[in-house]
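This report covers packing inside one chain. Please read it alongside the model.

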Amino acid sequence: AAGLEACCVEVEEEPEGLIVTGHGRPPRCGGVVETHGDHRIAMAHLVLGMASEEAVTVDEAGMIATSFPTFADLMRGVGAQVGEP
């Protein structure tokens, strides 16, 4: 939820999940997302960055390679500007 909020996405935390409210347009801002060392959070928010109006960055990206070593290359292949971890 904190990562989504950092990207200007309207989100409510519930005991068993999240409620995300869409507004019919891409998120208006990017942000820096704290991953807490979780590669899934990092990847999900970097994919979100493909739709947002501004860049989304993550505080740690190196751990993505442990589960998805070709993630950065794949993202570059669809037009993302991904730096080296």
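The buried residues of α2 are Ala-42, Met-43, His-45, Leu-46 and Leu-48. The model is predicted.

Now the core. The largest nonpolar core has 16 residues, and Cys-7, Ile-64 and Phe-71 touch the most other members. At least two core residues come from each of α2 (39-49), β4 (56-58) and α4 (71-77). The top contributor is α2, with four residues.

What does Ile-64 touch, leaving aside residues up to four places away in sequence? The partners are His-39, Ala-42, Met-43, Leu-46, Pro-69 and Phe-71.

Phe-71 also takes part in an aromatic pair, with Phe-68. A search of the whole structure finds one such pair. Its geometry is edge-to-face, with 5.5 Å centre to centre and 70° between the planes. The planes are over 60 degrees apart, so the pair counts as edge-to-face.

The two rings can be compared by accessibility:

| Residue | Relative accessibility | Class |
|---|---|---|
| Phe-68 | 30% | partly exposed |
| Phe-71 | 5% | buried |

Phe-71 is under the 20% cut-off and therefore counts as buried. Phe-68, at 30%, lies between the 20% and 50% limits, so Phe-68 is classed as partly exposed.

Technical notes: Residues are numbered from 1 along each chain as its sequence is written. This is a predicted model: local features need pLDDT of at least 70, side-chain atom pairs count only at pLDDT 80 or more; totals for chains, interfaces and linings use all residues. Side-chain values use heavy atoms; hydrogens and water are left out. A nonpolar core is a set of buried Ala, Val, Leu, Ile, Met, Phe, Trp, Tyr and Cys residues joined through side-chain atoms within 4.5 Å. Buried means under 20% relative accessible area, exposed over 50%, partly exposed in between (1.4 Å probe, protein chains only). Contact means heavy atoms within 4.5 Å. Rings of Phe, Tyr and Trp (its six-membered ring) pair if their centres lie within 6.5 Å; planes under 30 degrees apart count as stacked, over 60 as edge-to-face and the rest as tilted.
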